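Here's a quick look at one helix and the loop that leads up to it. Have the model open while you read.

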Amino acid sequence: GPSAMEPETLEACINKATNPLNKDLDWDGINAFCEQLNKELEGPPLATRLLAHKIQSPQEWEAIQALTVLESCMKSCGKRFHDEVGKFRFLNELIKVVSPKVGLLLVPW
């Protein structure tokens, strides 16, 4: 497996943060995902696609965790991430429902 020095991929981060076997929300994993997406050039678009996929998981707990990740990223990841999320209409709709405060960060289309 990857050594401790090896950088985490976004995929690894999201899988950890949304693992259906998690007993509770994994805030370390969620924060790691947010940090990682800001480090990578293609981070925001990739992160948004990964989140969109997880949020549609048939496993409710996985989907709920993914929504929490999305909400955290909206609060802490800045404009590049907001712009990407803005391209996914269903994510916009979800954010308005789940987190009206966060929804205000999105520019209406």
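Asp26 sits in the loop between helix 1 and helix 2 (helices are DSSP runs of H or I, at least four residues, and are numbered from the N terminus). This is a predicted model, where local features need pLDDT of at least 70, side-chain atom pairs count only at pLDDT 80 or more, and totals for chains, interfaces and linings use all residues. Residues are numbered from 1 along each chain as its sequence is written, and side-chain values use heavy atoms, with hydrogens and water left out.

What does the side chain of Asp26 make a polar contact with? Its partner is the side chain of Lys16, at 2.8 Å (a polar contact is a pair of N or O atoms within 3.5 Å, one able to donate a hydrogen and the other to accept it).

On to helix 2, residues 27–39: its 13 residues reach 18 Å from first C-alpha to last, close to the 18 Å expected at 1.5 Å a residue (that is, 1.5 Å times one less than the number of residues). Gly29, Ile30, Phe33, Cys34, Gln36 and Leu37 are buried there. They cover an arc of only 165 degrees around the axis, so they end up on the same side of helix 2 (the arc uses directions from the helix axis to the C-beta atoms). Asp28, Glu35 and Lys39 are exposed on the other side. Buried means under 20% relative accessible area and exposed over 50%, with a 1.4 Å probe and protein chains only.

| Residue | Relative accessible area | Contacts |
|---|---|---|
| Asp26 | 16% | Lys16, Ala17 |
| Gln36 | 9% | Glu8, Thr9, Leu10, Cys13 |

Conventions. Helices (H or I, at least four residues) and strands (E, at least two) are DSSP runs, numbered from the N terminus. Contact means heavy atoms within 4.5 Å.
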